[in-house]
Amino acid sequence: MASTMKSMFKAVRKYIKTPWEITGPCSSPEYKTAIPTLKDVRVFSPATPPTKAIVPTSDPETVFDIEYFSRDQRRNRPPIRRTILKKADAVKMMKERKSYSVPDFPPVYLTKTVQEDYNARGGGYVQHK
């Protein structure tokens, strides 16, 4: 039943046109649709190329190398050394630590007090008389 309905619908579809096919530029017999066909977009499938790729494998210096990790520079660094501190190590470090005094630190930038000029024009505040 469904197949007969489909074939009947296809037969009727030949004679019934959409409104834009009756008038306008689409009604011309020379009209070419702007939507490309599949053969225009993709000439061949990527899984089935027309010719097989030639990869040099005879000479060791011309062998095609596809290994990713040999060319990856982000992973081309020595591993991070991690040390686990035990309590004995921490006690030893505390004993080796010296006490700090004031000359061990750099001098501060501001060593003088800032002198305010209260006779400046306006004085910085509105003065009521």
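1. Tyr31 is in contact with Pro25 and Cys26, once its neighbours within four places in sequence are set aside. The residue sits in the loop between H2 and helix H3 (38-41). Its relative accessibility is 39%, so Tyr31 counts as partly exposed; the class lies between the cut-offs of under 20% for buried and over 50% for exposed.

2. This is a predicted model, and its confidence should be read before its details. The mean pLDDT of the chain is 76, with 80% of the residues at 70 or more. Where pLDDT is low, the predicted coordinates should not be read in detail.

3. What does the secondary structure consist of? The chain has four helices and zero strands. Along the sequence this gives the pattern α-α-α-α.

4. How much of the chain is buried? Of its 129 residues, 2% are buried. The accessible surface of the chain is about 14600 Å², and carbon and sulfur atoms account for 61% of that area.

5. Helix H1 can be checked for length. It has 14 residues, which at 1.5 Å a residue should span 20 Å; the end C-alpha atoms lie 21 Å apart, so the two values agree. The expected value is 1.5 Å times one less than the number of residues. The number of buried residues in H1 is zero, so the helix lies largely in the open.

6. Met1 belongs to the segment before helix H1 (2-15). With a relative accessibility of 77%, Met1 counts as exposed, because the cut-off for that class is over 50%.

7. Which residues make the nonpolar surface patch of about 750 Å²? Met1 is one of them, together with Met5, Met8, Val12, Tyr15 and Ile16.

Definitions and conventions:
Residues are numbered from 1 along each chain as its sequence is written. This is a predicted model: local features need pLDDT of at least 70, side-chain atom pairs count only at pLDDT 80 or more; totals for chains, interfaces and linings use all residues. Side-chain values use heavy atoms; hydrogens and water are left out. Patches are made of residues with over 30% relative accessible area and no salt bridge: like charges are joined within 9 Å, nonpolar side chains (Val, Leu, Ile, Met, Phe, Trp, Tyr) within 5 Å. Accessible areas come from the Shrake-Rupley method with a 1.4 Å probe; for residues, only the protein chains shown count as cover. A salt bridge is a side-chain nitrogen of Lys or Arg within 4 Å of a carboxyl oxygen of Asp or Glu. Helices (H or I, at least four residues) and strands (E, at least two) are DSSP runs, numbered from the N terminus. Buried means under 20% relative accessible area, exposed over 50%, partly exposed in between (1.4 Å probe, protein chains only). pLDDT is the predictor's confidence in each residue, from 0 to 100. Contact means heavy atoms within 4.5 Å.
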